[in-house]
Amino acid sequence: MRAQLPSQDDAYHQAAQEFSGAIARLARGFEADSSLADDLVQEIHAALWRSFAYFEGQCSVRSWVYRIAHNVAVSHILARRRIRGGGLISLDDIDMLAEPADVETATDDTRTLARLMATIHRLAPTDRQVMLLYLEDLTAAEIGEVTGLSAGAVATRIHRLKALLAQAFETPKEIYA
């Protein structure tokens with residue numbers, strides 16, 4: 001026998017309370033412009049509320065929230081890309097990280113994080129989502145559930161992204177020379 005699911009409003013409020021921070025981080029990961037990231041957060045919350053009308057509890061609430069957020073964020077990025085034009089690259093084509101604003105002070109945590117996020121913003125939506133969900137501490141299987149990729153494909157992408165980032169942060173002069 002299936003457990004009684006909470007109402008749409010109750011389910012949304014519980015999810016919003018638990019995942020608001022993650023949704024905000026995810027929106028900032030997808031959208032560099034802070035005002036557009038705020039708009040994206042609102043879009044995600046609206047879609048999340050609507051989605052609980054047909055949530056049947058066949059996956060965890062966590063996976064459901066990330067799946068809805070992922071779909072809204074990818075649609076947002078693709079719409080913005082149509083307005084602004086290209087600029088996104090796939091993981092296979094990335095050969096350098098985003099240039100830090102000031103190499104001399106790049107060891108500062110804030111600058112390092114900004115550099116990391118600038119690099120993530122340059123990735124294609126699926127690679128970006130994989131990395132952002134990994135940073136949210138989701139497992140490869142959970143990320144696969146959200147993105148539709150296999151757990152193996154997710155693990156491979158994470159490995160490649162981590163290797164790329166580790167190389168760039170360990171030997172920045174060689175990469176930017």
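**Figure 1. Lys 162 counts as partly exposed, at 42% relative accessibility.** Partly exposed covers the range between buried, under 20% relative accessible area, and exposed, over 50%, with a 1.4 Å probe and protein chains only. Lys 162 has its place in helix α7 (residues 151-170); helices are DSSP runs (H or I, at least four residues), numbered from the N terminus. From C-alpha to C-alpha, 8.9 Å in space and 31 residues in sequence lie between Lys 162 and Met 131. The model is predicted: local features need pLDDT of at least 70 and side-chain atom pairs pLDDT 80 or more, while totals for chains, interfaces and linings use all residues. Residues are numbered from 1 along each chain as its sequence is written, and side-chain values use heavy atoms, leaving out hydrogens and water.

Figure 2. Confidence is highest in α2, at a mean of 94, and lowest in helix α8 (residues 172-176), at 48. Where pLDDT is low, the predicted coordinates should not be read in detail.

**Figure 3. Helix α1 (residues 8-30) crosses helix α2 (residues 34-51) at roughly 150°.** Their axes come within 9 Å; axes are lines fitted to C-alpha atoms, for helices over the stretch in contact, and angles run from 0 to 180 degrees between N-to-C directions. The angle makes α1 roughly antiparallel to α2, a term for angles over 145 degrees. Residues of α1 including Tyr 12, Ile 23 and Phe 30 meet residues of α2, among them Leu 40, Ile 44 and Trp 49; contact means heavy atoms within 4.5 Å. By class, this contact of α1 with α2 has 14 nonpolar, 3 polar and 3 charged residues.

**Figure 4. His 70 is buried, with a relative accessible area of 8%.** His 70 belongs to helix α3 (residues 61-84). Apart from neighbours within four places in sequence, His 70 is in contact with Gln 129, Val 146 and Thr 147.

**Figure 5. Helix α5 (residues 125-135) packs against helix α6 (residues 140-147) at an angle of about 140°.** The two axes are 10 Å apart. Gln 129, Val 130, Leu 133 and Tyr 134 of α5 meet Ile 143, Val 146 and Thr 147 of α6.

Note on methods:
Helices (H or I, at least four residues) and strands (E, at least two) are DSSP runs, numbered from the N terminus. Angles under 35 degrees count as roughly parallel, over 145 as roughly antiparallel, 65 to 115 as roughly perpendicular and the rest as oblique. Ala, Val, Leu, Ile, Met, Phe, Trp, Tyr, Cys and Pro count as nonpolar, Asp, Glu, Lys and Arg as charged, and the others, Gly among them, as polar. pLDDT is the predictor's confidence in each residue, from 0 to 100.
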